[in-house]
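Me: I have a structure on my screen and would like to walk through it with you. Could we take it one question at a time?

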2 protein chains.
Amino acid sequence: MKLNRQWILRQRPDDDIGSGDLEFVQTPIPQISVGQMLIRNLYLSLDPTNRLWMSDRDQYLPPVKLGHVMRGSTIGIVEQSLSEKFSPGDIVKLPDGGWQDYAVVRDHMAEAVVEDPTVPLTAHLSVLGMTGLTAYGCLLDIGRPQAGETVVISAAAGAVGSIAGQIAKRQGCHVVGIAGGPQKCRWLTEDLGFDAAIDYKSQDVPTQLDALCPNGIDVAFENVGGSIMDAIFSRLALHGRMAVCGLISGYNDSGPLAGPTDFGRILMKRLTVKGFIVIDYLDRSDAAFANLRQWITGGALIWKDHIIDGLENAPDALNLLFNGKNDGKLMVRIASE
Amino acid sequence: MKLNRQWILRQRPDDDIGSGDLEFVQTPIPQISVGQMLIRNLYLSLDPTNRLWMSDRDQYLPPVKLGHVMRGSTIGIVEQSLSEKFSPGDIVKLPDGGWQDYAVVRDHMAEAVVEDPTVPLTAHLSVLGMTGLTAYGCLLDIGRPQAGETVVISAAAGAVGSIAGQIAKRQGCHVVGIAGGPQKCRWLTEDLGFDAAIDYKSQDVPTQLDALCPNGIDVAFENVGGSIMDAIFSRLALHGRMAVCGLISGYNDSGPLAGPTDFGRILMKRLTVKGFIVIDYLDRSDAAFANLRQWITGGALIWKDHIIDGLENAPDALNLLFNGKNDGKLMVRIASE
């Protein structure tokens, strides 16, 4: 009998995910009923927000319950269908396919993937998935970058940051990225067209920001939080916008996610600080994806998928995001296409 | 010879304004040249922001320089005019008439006050001045309160807060004010129509907010900062807005104006936090003043002016704002109308 391998959340991690936090189990593949489908997962998206879901921090979705399969979005293939909307062999995206081989879902919880020979399937979890939509919506809707403005992006070599920076360049902005290590920084400036990159591992971020943003920062695309956010925040210009897309530096802690030291700057410089979660932007995804697809097809938008083989490696893989060792949009290949 | 009494900023205050911080001097009244007017100040507006101007904190205007006349907006009467725009006897508003009996200004730095027998002249420094415009613009432009939403106003019995709360009631909101003392709280609920008031001097603000805002807070109109802001912020609802109008609790310190503890809530609840300074709203003042004037004429908007007699009392009067002892919009009567 074929079994379903699943990662079950057993306890809430303390810092990086450790050995007792998730358990790898095998269970029978459930039967489906009318309106449901059995999906064989192919790719599992790994995102910083997964670490939030493992915690019991007050957040934008309910935390994953202990004893439940870990939540995660996937791309999969329909194996069995008792739905009129999908047939076996169809490729679908699941917002919660889970950290498992097989998912049973109702048909309204699946979205058809229109296959396109010019883009790899994995792109539907990255640049043409929530990653791309997050970069697009958060930058354009909250950051509202205008030509000539200075945009600073933290975690700029990350899956979201790298796309946001390229969109800001399209808008005619002066774009500075912050990333860890010379290789990532070179990628930003040489391949992605960023105007400058700051290596936070070897350079003093405040000093570099002063040098690279002499008129202050109009738009901050914030993925990190902590001292890097603080350095950016305190250089926001009059009427500057900080689009808070993520605060990853704090996700491994259990305490509150701290804010900028000089909060009064919000008043003095009339800043706008606003949080973004992609679920609020889904109703505008058609236009966004149409643009993103056009840009990648034309070669005008570059992205990288970092694919780890094997569902068994998902927990260790997720930790890569928190020590900056991923190289592009991180995902797990659960099974071959 | 008539002399000009002036308050000169001698040193930057430490906490409340002390005796050596400002010096009361008498100087000759200057001659005017073409395009200028000599204004005899009648009323001087006192606002929390004046205390900021005395500090060298990074702020929205340059700090007042040591050795200069203290900045302040006034209403005055034209005594001499070498401008074609104004004649002796005209009543004008000056954004910087200063803490002094007489101001010499160019005509473009004065605004004609259209006298109206149904409203006192002092209203042009309060409900029909920057105070009313601040309440109106900050609430409607940033807070964007919708009917049925919960609005919380700190320093609600203050000049700005009391007007903002009444406008929120006009919008059909559930309005909770925070003020110091039973008398102010009664004024809010009995005279101004607030749904509830919290006396921060005798009640536990977090407990009261939980009781009065069971579904969280949609709009925070923030005048205070510190622990009161923190209690409000951590109860902001999904897509809540915090309009930062002032952070008075920190103005007497020299350190940074601290933010909320749980900054991550901006992301999790997709909050908008935005600062407001009235100078950004001046281009929309005509519509705002037309509405405010209509509301006060109809008796639908209540306000209070707290008038202290004598320019010599200006520094002590300003301190009233920082210990909550003012009762309405604070101003100094420099000379009789």
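Reply: Happy to! A salt bridge here is a side-chain nitrogen of Lys or Arg within 4 Å of a carboxyl oxygen of Asp or Glu. Please keep in mind that this is a predicted model.

Me: How many salt bridges does a search of the whole structure find over all chains?
Reply: The search covers the whole structure and takes in all chains. One of the pairs is Glu312(A) with Arg5(A), whose closest N and O atoms are 3.4 Å apart, and that is within the 4 Å cut-off. Over all chains, the number of salt bridges found is 36.

Me: How many residues apart in sequence are the parts tied together by Glu312(A) and Arg5(A)?
Reply: Glu312(A) lies in the loop between β14 (305–309) and α9 (314–322) of chain A, while Arg5(A) lies in strand β1 (residues 3–9) of chain A. Glu312(A) is partly exposed at 38% relative accessibility, and Arg5(A) is partly exposed with a relative accessible area of 23%. Because of where its two members lie, the pair ties together parts whose separation in sequence is 307 residues.

Me: Which residues are linked with Lys2(A) in a network of salt bridges?
Reply: Here the salt bridges join up into a network that includes Lys2(A). The partners linked with Lys2(A) are Arg40(A) and Glu79(A).

Me: Is Lys269(B) buried or exposed?
Reply: The side chain of Lys269(B) meets that of Asp58(A) in a salt bridge of 3.9 Å, N to O. That pair also crosses between chains, with Lys269(B) in the loop between α7 and β13 (272–275) of chain B. The relative accessible area of Lys269(B) is 18%, and the cut-off is under 20%, so Lys269(B) counts as buried.

Me: What is the N to O distance between Lys269(A) and Asp58(B)?
Reply: These two side chains meet in a salt bridge. Between chain B and chain A the count of salt bridges is 6. For Lys269(A) and Asp58(B), the N to O distance is 4.0 Å.

Me: As by what kind of axis are the two copies related?
Reply: Chain B can be laid on chain A by a turn of 180 degrees and a shift of 0.0 Å along the axis, with an RMSD of 0.0 Å. The copies are thus related as by a two-fold rotation axis.

Me: Which residue of chain B comes closest to the rotation axis?
Reply: The comparison is made on C-alpha atoms among the residues of chain B. At 2.6 Å from the axis, the closest is Val273(B).

Me: Why do the copies meet through the same surface?
Reply: In the contact, 36 residues of chain B touch 36 residues of chain A. The interface residues of chain B are also interface residues in chain A, so the copies meet through the same surface; the share is 100%.

Me: Which three residues supply more of the area that chain B buries against chain A than any other three?
Reply: Chain B and chain A bury about 2800 Å² between them, with 65% of it on carbon and sulfur atoms. The three residues asked for supply 27% of the area that chain B buries against chain A. They are Phe263(B), Leu267(B) and Met268(B).

Me: How many residues on the side of chain B that touches chain A are nonpolar?
Reply: Across the interface there are 13 residue pairs in polar contact. β12 (236–244), α7 and β13 of chain B each supply at least two residues of the touching side. Among the residues of that side, 8 are polar and 8 are charged, and the nonpolar ones number 20.

Me: Finally, which residue has its backbone nitrogen 2.9 Å from a polar atom of the side chain of Gln36(B)?
Reply: Gln36(B) is in strand β3 (residues 36–45) of chain B and is buried, with a relative accessible area of 16%. The backbone nitrogen in question belongs to Ser33(B).

Conventions
Residues are numbered from 1 along each chain as its sequence is written. Chains are lettered from A and ligands numbered from 1 in the order in which they are written. This is a predicted model: local features need pLDDT of at least 70, side-chain atom pairs count only at pLDDT 80 or more; totals for chains, interfaces and linings use all residues. Side-chain values use heavy atoms; hydrogens and water are left out. Helices (H or I, at least four residues) and strands (E, at least two) are DSSP runs, numbered from the N terminus. Buried means under 20% relative accessible area, exposed over 50%, partly exposed in between (1.4 Å probe, protein chains only). Copies are superposed by least squares on the C-alpha atoms of residues with pLDDT of at least 70 in both. Contact means heavy atoms within 4.5 Å. Buried area is the accessible area (1.4 Å probe) that two parts lose on being put together, summed over both. A polar contact is a pair of N or O atoms within 3.5 Å; within protein, one must be able to donate a hydrogen and the other to accept it, and residues adjacent in sequence count only if both atoms are side-chain atoms. Ala, Val, Leu, Ile, Met, Phe, Trp, Tyr, Cys and Pro count as nonpolar, Asp, Glu, Lys and Arg as charged, and the others, Gly among them, as polar.
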